[in-house]
Amino acid sequence: MRALRAPSPLPGFGLAMGITLTALSLVVLLPIGALLLRGAQIGPADVAALLGRERVQAALALSFRAALGAAAINLVFGLALAWVLARYRFPGRRLVDAAVDLPFALPTAVAGIALTALYAPNGAIGRLLEPLGIRVAYSEAGIWLALIFVGLPFVVRSVQPVIEEIDREVEEASATLGASRARTFGRVILPMLAPALLTGFALALARAVGEYGSVIFIAGNLPMQTEIAPLLIVIRLEEFDYDGAVAIALAMLGISFALLFAINLVQIWSRRRTGAV
């Protein structure tokens, strides 16, 4: 038994492990287990039939399409924002740095109401976009906007510490060897940032897939158009269609697990490749 655990300055391995496993079971394992058990009671055939409904498929497709798109946008702009905050000093930098964490603390309903007030056809920004034929609120674009808002901090906070730890001498060495700035970034900096970028992407994706509060106010919630899967689960529960709600939840759980598993595989490959280089 002594060989199975490394020496630790903190005593009470058994107590700490017991508390950890108990908390993990109560918060994560038991709810997921109950969901899987209810799905088994319904039966694979009935679950497939419930998921085969056109409205359910449209809601699932919209949720994951918007989540992937928002996470990809956050990956690009989150990297740019993290680079600026880590490498440059300018007036108001601390204010911008603090504002990045605002979506963490802001209630999602408040975020949704604020975005709707700004981008509605009669809002401050929406009224400027309306004559151009651009409609954000009550459309799929509004869903993307809300998911970008709630997911951006995950990318920034995952990448920013890594950027701060990169030795600038590495960039200087690349420049002295004749590499351009673009080549230095693509061949030297980006491989070092890849694991953190994938982590931020996975966190932003996970947050976006299950987002509810900030989306329902700006989406319009039209079936087959702007209705997301979490909202459809709530609708099914309000209709006392528990089997339908469980089926949608199982689909979201399975798709989310598959996406995160794929991202983790890519992250492991990236870390091994970076270590090899």
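Helix 3, helix 9 (168-176) and helix 10 each give at least two residues to the lining of the largest pocket. Helices here are DSSP runs of H or I with at least four residues, numbered from the N terminus. The model is predicted: local features need pLDDT of at least 70, side-chain atom pairs count only at pLDDT 80 or more, and totals for chains, interfaces and linings use all residues. Residues are numbered from 1 along each chain as its sequence is written, and side-chain values use heavy atoms, with hydrogens and water left out.

**Pocket**
- The largest pocket has a volume of about 440 Å³.
- A pocket is an open set of points on a 1 Å grid over the protein atoms alone, where a 1.4 Å probe fits, with protein on both sides within 12 Å along at least five of seven lines.
- The volume is the space filled by probe spheres set on the points, which are joined across faces, edges and corners.
- The lining holds 14 residues, and W83, R87, E171, R181 and T184 are the closest to the pocket centre; a lining residue has an atom within 4 Å of a point.
- The charged end of R87 sits over the ring of W83, 4.5 Å from the ring centre. The criterion is NZ of Lys or CZ of Arg within 6 Å of the ring centre and within 35 degrees of the ring normal.

**Nonpolar core**
- The largest nonpolar core has 60 residues. Such a core joins buried Ala, Val, Leu, Ile, Met, Phe, Trp, Tyr and Cys residues through side-chain atoms within 4.5 Å.
- Those with the most contacts inside this core are L60, I143, V159, I163, L193, I248 and M252.
- Elements giving two or more residues to the core include helix 3 (54-87), helix 8, helix 10 (181-209) and helix 13 (242-276).
- Helix 3 gives the most, with 14 residues.
- Beyond its neighbours within four places in sequence, I143 is in contact (heavy atoms within 4.5 Å) with L62, A66, V215, I218, A219, T226 and I228.

**Aromatic pairs**
- The whole structure has four aromatic pairs. Rings of Phe, Tyr and Trp (its six-membered ring) pair if their centres lie within 6.5 Å; planes under 30 degrees apart are stacked, over 60 edge-to-face, the rest tilted.
- F104 and F154 pair edge-to-face, 5.1 Å centre to centre, with 85° between the planes.
- This pair links helix 5 (residues 102-105) to helix 8 (residues 140-165), with F104 and F154 50 residues apart.
- F104 is partly exposed at 40% relative accessibility, while F154 is buried at 18%. Buried means under 20% relative accessible area, exposed over 50%, partly exposed in between (1.4 Å probe, protein chains only).
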